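Open the model in your viewer and keep the sequence panel beside it. Let's walk through it one selection at a time.

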Amino acid sequence: MSSAPQTSTPTRALPDRSQRAGSAKTSPVRDLLALTERPEVISFAGGLPAPELFDLDGIRASFDAVLGSPGVLQYSTSEGSPALREEVARRYTADGLETAASELIITTGSQQGLGLLATALIDPGDTILVEEPCYLAALQTFALAGARVVGIPYDDDGLDLDALDRMAAEHAPKFFYTVPTFQNPTGRTHDLGSRRRIAEIAQRRGFRIIEDEPYRQLRYSGDPLPSLAAFAPDHVLSLGSFSKVIAPGLRIGWIRTTPDVRPTVTIAKQAADLHTSTIDQAAAAHYLVSGRGEPALDRIRSAYAERRDTMLDVLPSVLPAGSTWNRPDGGMFVWVRLPEGMDAAASLGAALAQDVAYVPGVSFFSGPPDERTLRLSFTTYPPASIREGLSRLGTAWGAGG
């Protein structure tokens with residue numbers, strides 16, 4: 001019995017991914033993780049808190065305490081736990097920025113908060129302003145939202161505020177994104193005068209400010225500075241996080257909103273994940289009022305200050321002649337610029353061959369990058385390991401540069 005002749009069915013090509021998804025850069029920090037998983041590698045690449053400083057007993061006790069509470073394993077409101085919002089609001093108010101719990105939306109990490117604001121504020125083609133260089137995951141978020149990103153450069157004295165004013169007048173941006181305190185990647189901080197002028201420019205030119213503050217509590221020297229919202233309360237949306245001061249795995253952040261955007265951000269939150277983990281919020285609220293949080297944060301700050309000082313003490317002896325670097329008052333990062341003729345990305349292979357890693361600075365730029373720059377994180381390792389890792393970098397640079 002003969003079978004019927006076979007005919008081929010034309011195959012239609014699958015649709016391409018969106019142009020917005022294709023425009024987002026990959027993260028070199030994430031890409032480096034696979035290369036630095038070997039235990040012998042000392043990695044200054046990731047902005048990782050030191051795991052030995054997590055308050056495991058306190059965090060475990062808080063989860064145990066709330067596990068039997070009514071509703072802790074149930075669905076919850078999109079805006080977040082009232083108890084947690086009250087505590088975050090109390091902390092803002094104690095720092096001099098009067099805040100009500102109703103102004104806050106709890107998010108799954110501050111990174112989600114940034115995504116929610118991008119969803120709420122950006123239409124494809126809108127222009128936004130960012131610091132140059134800029135936090136890479138923010139650039140990824142804005143690319144996925146379809147924004148046109150314009151970088152505002154730094155000069156020797158800080159952010160070029162005249163350029164901010166000019167670019168705002170030229171582009172009518174939706175917002176200016178800034179990490180004003182111990183910035184990622186550079187560790188820089190906008191001083192009091194700069195904060196006042198940034199707020200004044202936003203009010204005069206009519207754009208919002210997104211103020212991302214994940215490192216604010218990691219100050220080791222200098223005096224605390226007010227939030228940008230203190231100078232332009234109707235123009236500033238603030239992001240915060242417990243990732244650096246409790247533990248990043250908790251994934252608890254928040255947005256301090258303004259009345260005009262709060263309903264839209266709430267809808268975006270509902271569409272994203274309904275609400276942040278109920279039990280994680282309850283445990284975080286319990287931990288914050290337990291009295292254990294501040295002593296734990298004091299231990300973290302003390303350890304990180306020593307690690308920062310160790311890195312700053314060793315860098316002059318290992319960096320190539322002609323290099324420059326900053327001395328941050330807090331946070332997690334030191335920003336280095338190698339001498340003329342060197343390329344930090346091209347030199348990374350020599351560093352990895354010495355079992356040490358850093359992040360080249362090129363990926364943090366929205367426009368033409370400075371190929372001589374790199375970011376070093378000082379929080380993950382104790383001082384002895386920092387010295388050893390920097391010694392390996394010195395060997396790599398000496399051999400390759």
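Predicted model: local features only at pLDDT ≥ 70, side-chain atom pairs only at ≥ 80, totals over all residues.

Residues are numbered from 1 along each chain as its sequence is written, and side-chain values use heavy atoms, leaving out hydrogens and water.

Helices (H or I, at least four residues) and strands (E, at least two) are DSSP runs, numbered from the N terminus. Two strands pair if DSSP finds at least two bridges between them. S6 and S7 (residues 208–212) pair in the parallel sense over 4 bridges. To follow the chain from S6 to S7, trace helix H8 (residues 192–205); this β-α-β crossover is right-handed (with the strands pointing away from the viewer, the path from the first strand over the helix to the second runs clockwise).

Now select all of S6, residues 175–178. Phe 175 and Tyr 177 point one way, Phe 176 and Thr 178 the other way, and all are buried (under 20% relative accessible area; exposed is over 50%, partly exposed in between, with a 1.4 Å probe and protein chains only).

Zoom out to see the open sheet of 8 strands, in the order S2-S9-S8-S7-S6-S3-S4-S5, with mixed pairing. Its edge strands are S2 (104–107) and S5 (158–159), each pairing on one side only.

How many aromatic pairs does the structure hold? There are 9, where rings of Phe, Tyr and Trp (its six-membered ring) pair if their centres lie within 6.5 Å; planes under 30 degrees apart count as stacked, over 60 as edge-to-face and the rest as tilted. Select Phe 242 and Trp 254: the ring centres are 4.8 Å apart and the planes at 55 degrees, so this pair is tilted. Phe 242 sits in the loop between S8 and S9, and Trp 254 in S9, 12 residues apart. Phe 242 is buried at 3% relative accessible area, and Trp 254 is buried at 8%.

Finish with Arg 188, which lies over the face of Tyr 154, at 4.1 Å from the ring centre (a charge sits over a ring if NZ of Lys or CZ of Arg is within 6 Å of the ring centre and within 35 degrees of the ring normal).
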